[in-house]
Amino acid sequence: LALIGSFFQSLAYPLAGAAGDAYYRGRIILVALVGIAFTTLMMAVSQNYNQLVLCKALNGISIGMLVPPLQSLVGDLNSPARRGQAFGHLNFTGIVGAIVGSALATMLAAQMFWGIDGWRIALLIWVAFLTIVIIG
């Protein structure tokens, strides 16, 4: 699944870069976050492996649509003197989020909660977090 997601994410990068140049980057970021939340929800409710793979491909595209405009926006909003620090903070939070999210997902994956597979719960927690970010 990681390979599928990464492959489609990489294909989306050039499109996302062009979209971020042509349109307001904040709007592209918002659309990407909504896409990530929706496709993650689709993965959580998938009924078979083929559906999960398709949803992961769409999720990869959504994630790929986030990265270039987000990095460009960070560059735009920070002076050259502070840009390195801003990118350092961006990358730090991304890596820490991946570590915490992976640890949480690993702990939940093999469990069952209220009759629901733990890996589905982990995805639903991510959807809830993204929803808070989108609304906020």
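This is a predicted model: local features need pLDDT of at least 70, side-chain atom pairs count only at pLDDT 80 or more; totals for chains, interfaces and linings use all residues.
Me: What is the chain built from, in helices and strands?
Reply: There are 5 helices and 2 strands. Along the sequence the pattern reads α-α-α-α-β-β-α.

Me: What does the C-alpha trace span?
Reply: About 50 × 30 × 25 Å along its principal axes.

Me: New topic. How many aromatic pairs are there in the whole structure?
Reply: The search finds 3. One of them joins Phe 113 and Trp 114. That pair is tilted, with 6.0 Å centre to centre and 45° between the planes.

Me: Is Trp 114 buried or exposed?
Reply: Trp 114 is exposed, because its relative accessible area of 78% is over the 50% cut-off. Phe 113 is at 26%, so Phe 113 counts as partly exposed.

Me: Which pair is stacked?
Reply: Trp 126 and Phe 129. Their centres are 5.6 Å apart, with 15° between the planes. The pair counts as stacked because that angle is under 30 degrees.

Me: Where do Trp 126 and Phe 129 lie?
Reply: Both are in helix H5, which covers residues 118-135. They sit 3 residues apart, about one turn of the helix.

Me: How accessible is Trp 126?
Reply: Trp 126 has 38% relative accessibility, so it counts as partly exposed. Phe 129 also counts as partly exposed, at 45%.

Terms used:
Residues are numbered from 1 along each chain as its sequence is written. Side-chain values use heavy atoms; hydrogens and water are left out. Helices (H or I, at least four residues) and strands (E, at least two) are DSSP runs, numbered from the N terminus. Rings of Phe, Tyr and Trp (its six-membered ring) pair if their centres lie within 6.5 Å; planes under 30 degrees apart count as stacked, over 60 as edge-to-face and the rest as tilted. Buried means under 20% relative accessible area, exposed over 50%, partly exposed in between (1.4 Å probe, protein chains only).
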